[in-house]
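Biologist: Please give me a close look at a single part: the interface between the chains. Start with the salt bridges, and define your terms as you go.

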Number of protein chains: 2
Amino acid sequence: MTSPSTALLTDHYELTMLSSALRDGTADRPCVFEVFARRLPDGRRYGVVAGTGRLLAAIEAFRFGEAELSQLAAAGVVDREALDWLADYEFTGEVDGYPEGELYFPGSPILTVRAPFAAGVVLETLALSVLNHDSAIASAAARMVTAANGRRMIEMGSRRTHEEAAVACARAAYLAGFTATSNLEAGRRWGIPTAGTSAHAFTLLHDSEAAAFRAQVDKLGAGTTLLVDTYDITQGIATAVQVAGPELGAVRIDSGDVGPLARQAREQLDSLGARNTKIVVSGDLDEFAIAALRAEPVDAYGVGTSLVTGSGAPTAGMVYKLVEVDGRPVAKRSSHKESRGGRKGALRRYKQTGTAVEEVVYQAGARPQPGEHDRELQIPLLRAGQQVDGLPTIEQSRDRLRQALVSVPWEGLKLSHGEPAIPTVFG
Amino acid sequence: MTSPSTALLTDHYELTMLSSALRDGTADRPCVFEVFARRLPDGRRYGVVAGTGRLLAAIEAFRFGEAELSQLAAAGVVDREALDWLADYEFTGEVDGYPEGELYFPGSPILTVRAPFAAGVVLETLALSVLNHDSAIASAAARMVTAANGRRMIEMGSRRTHEEAAVACARAAYLAGFTATSNLEAGRRWGIPTAGTSAHAFTLLHDSEAAAFRAQVDKLGAGTTLLVDTYDITQGIATAVQVAGPELGAVRIDSGDVGPLARQAREQLDSLGARNTKIVVSGDLDEFAIAALRAEPVDAYGVGTSLVTGSGAPTAGMVYKLVEVDGRPVAKRSSHKESRGGRKGALRRYKQTGTAVEEVVYQAGARPQPGEHDRELQIPLLRAGQQVDGLPTIEQSRDRLRQALVSVPWEGLKLSHGEPAIPTVFG
């Protein structure tokens with residue numbers, strides 16, 4: 001895979017700040033920047049960190065080559081002094097953060113960047129774009145996975161979001177526990193299992209539904225999933241079993257009131273001897289619809305729009321704030337948007353039973369004595385700009401989230417609006 | 001600019017359909033696919049077509065090279081026959097559609113693709129990803145531009161969406177009438193004006209607000225925009241004028257109740273002799289907040305989150321449907337999700353005064369006699385797979401939308417929830 005430069009995925013003002021700071025000598029002041037969310041999306045009880053793996057690769061690709069520099073010169077964004085600085089730019093600072101798949105709460109220090117001002121400020125937009133997008137999707141996905149209660153989940157929302165965002169959505173959904181994605185590029189780029197068989201168009205292409213099913217079964221085998229709702233569902237199921245035999249892998253229902261339809265389909269399949277044929281439902285499902293289908297004989301869910309739009313919360317609202325300059329805490333003070341200055345760490349307190357109790361966010365210089373059941377939350381990510389050895393794989397992040405969700409107090413897993421599952425305590 | 005392949009930005013099932021259709025000989029049947037929206041997002045009165053320009057380039061880059069083919073082979077998505085077909089794939093069909101900047105309504109045939117089944121079906125996901133995303137953003141942006149009533153609009157939402165979606169958002173916002181974007185890559189890729197000066201971090205970096213302002217003015221000149229709300233706004237404005245003089249370009253307020261704050265700022269600036277200093281406001285603005293500020297002395301708006309999330313409607317909900325096979329209309333029939341079969345055209349009817357009256361969607365073979373004030377809506381986009389000469393530029397699309405909005409009945413421009421501005425009539 002080529003790594004095109006990510007350097008211009010940046011807001012104009014970062015480079016004008018750089019330019020002004022180079023001029024007056026403040027560009028080299030040692031700084032600490034912190035990524036956190038002031039609050040969770042309305043009514044949400046936890047957030048899921050995702051995107052860190054993508055971000056670290058994007059930081060490595062944050063280099064200004066000839067193409068980027070000549071564009072900045074031509075557009076008059078910055079002057080020669082800044083261009084020279086950018087030409088040599090390579091991030092060599094330190095980054096710590098919550099690993100992917102970790103839960104976060106209001107004020108959790110999700111990412112901490114230590115670098116001279118100029119080196120750190122230019123990463124603001126890129127860091128936030130990646131983390132805000134991927135975490136929003138993973139947070140919604142985790143609720144859906146919880147609602148599905150162990151049933152298979154297939155992400156199929158690519159068509160409802162930007163074509164590159166779609167690839168990141170597939171990754172975030174998988175990290176959150178989805179089984180597979182429809183997105184082929186996510187298969188290539190991230191090794192995520194892909195799935196899919198046919199759309200209504202394939203049935204409509206053929207002279208009859210039976211001919212379409214026959215073509216598909218001939219090619220993909222009887223274990224395939226046949227889409228049975230192009231015309232009449234009962235007839236569609238009958239035809240499907242007739243063509244594929246009782247070894248038919250699955251039927252998919254993509255429209256209508258899927259609860260009763262799934263029940264009817266199950267009865268019909270059983271009566272036809274297709275007792276092992278699975279039922280896949282799709283079409284405008286979100287975590288609430290998935291939960292409502294819990295008592296129905298559904299084997300797998302296909303989820304699209306609601307996943308890629310964060311099910312009502314399409315962005316995570318994280319900010320990237322300067323919290324320390326030359327070792328002293330700094331913070332904006334003019335309004336409700338106040339921040340807490342100073343470099344911070346975080347640990348999560350647990351009961352002896354393993355249930356999480358609170359998120360403790362502390363000043364880096366004043367780490368509380370960790371209790372027996374406390375867990376430190378940040379891990380080292382970049383040292384001297386290089387990825388630390390042994391960073392979690394996507395599979396490990398998936399496991400991490402699965403375990404983290406088990407530790408949440410039971411109210412915290414409710415889908416209804418509520419307070420964060422555990423309070424954040426600023427120590 | 002390099003053109004990496006877009007071929008895997010595709011759902012798995014498109015290639016399994018291809019594979020099955022190659023097997024039974026239906027792959028070459030002449031087909032017509034249509035992109036349309038069954039409805040507008042809840043309460044919206046019009047949609048704005050955007051993304052077509054990006055899509056045409058993405059179709060040109062939809063080629064399966066060695067990297068793509070070996071991935072598909074390794075993952076077992078399709079067999080050798082399909083791989084061979086994909087290796088030779090290049091879209092050579094015909095595409096017509098609504099030009100960018102055109103309004104659309106429920107059922108408008110936004111894009112019509114004529115090609116053999118296999119050649120057309122593989123473009124479904126890519127076409128929808130691009131059009132659903134960009135049209136959602138442009139539709140929200142147009143409402144904001146209307147609400148701003150001629151004042152400058154700066155798009156600064158990159159940090160709230162996927163890093164590549166951000167570039168497309170900047171493009172869609174500009175197309176809809178925004179003045180500039182913060183996104184540097186949008187400047188490079190699409191020639192969109194970029195803007196930005198400084199963030200709170202720049203003030204916090206310095207020993208005093210005055211030192212920060214001095215550094216910025218020294219570098220960017222007195223015509224720059226100073227961010228005055230890091231500490232106390234009144235003091236910030238006094239310091240800004242002291243440092244830059246009454247020629248100060250603008251002050252930016254990013255927090256608090258910006259209406260009263262803008263009024264106070266205007267009075268203070270005037271009293272300091274800075275009568276030409278502009279006031280820029282930003283921070284959680286959407287079309288409603290922008291409209292509410294109409295009576296305030298605001299000169300420009302910076303809009304972020306609400307723009308890139310489509311202000312409540314992050315996707316346009318368009319679908320890509322097979323409507324014709326071998327010259328006969330086809331349509332799904334099992335539910336409320338019914339579609340109208342057959343290739344279609346569309347024209348918009350206007351009163352003599354230039355006000356739009358209705359959207360007429362007709363069967364391609366039965367075009368109604370166009371009246372004196374009717375306007376045909378689709379234009380040719382691709383012929384034998386090649387972009388038609390003289391396709392609209394972004395500037396022309398911007399003009400098209402401006403004119404289209406003037407033609408909408410006045411109720412259609414209200415921000416409140418309501419019916420589509422004009423009805424769609426199926427002729």
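**Salt bridges and the interface**

Modeller: Over all chains, a search of the whole structure finds 64 salt bridges. A salt bridge here is a side-chain nitrogen of Lys or Arg within 4 Å of a carboxyl oxygen of Asp or Glu. This is a predicted model: local features need pLDDT of at least 70, side-chain atom pairs count only at pLDDT 80 or more, and totals for chains, interfaces and linings use all residues. Residues are numbered from 1 along each chain as its sequence is written, chains are lettered from A and ligands numbered from 1 in the order in which they are written, and side-chain values use heavy atoms, without hydrogens and water.

Now the interface. Between chain B and chain A, the count is 16 salt bridges. Side chains of opposite charge can pair when their charged atoms come close. Take Arg159(B). Arg159(B) forms a salt bridge with Asp11(A), and their closest N and O atoms are 2.8 Å apart. Arg159(B) sits in the loop between β6 (152-155) and α7 of chain B, and Asp11(A) in the segment before α1 (12-24) of chain A, so the pair joins two chains. Helices (H or I, at least four residues) and strands (E, at least two) are DSSP runs, numbered from the N terminus. Arg159(B) also forms a salt bridge with Glu124(A), again with closest N and O atoms 2.8 Å apart.

Which elements of chain B touch chain A? Those giving two or more residues include α1 (12-24), α6 (124-148), α7 (163-175) and β12 (318-325) of chain B. The most comes from α1(B), with 11 residues. By type, this side of chain B divides into 35 nonpolar, 35 polar and 27 charged residues. Ala, Val, Leu, Ile, Met, Phe, Trp, Tyr, Cys and Pro count as nonpolar, Asp, Glu, Lys and Arg as charged, and the others, Gly among them, as polar.

Next, the overall contact (heavy atoms within 4.5 Å). Chain B gives 97 residues and chain A gives 97 residues. Together they bury about 7900 Å², 57% of it on carbon and sulfur atoms. Buried area is the accessible area (1.4 Å probe) that two parts lose on being put together, summed over both.

How do the copies meet? Of the interface residues of chain B, 100% are also interface residues in chain A, so the copies meet through the same surface.
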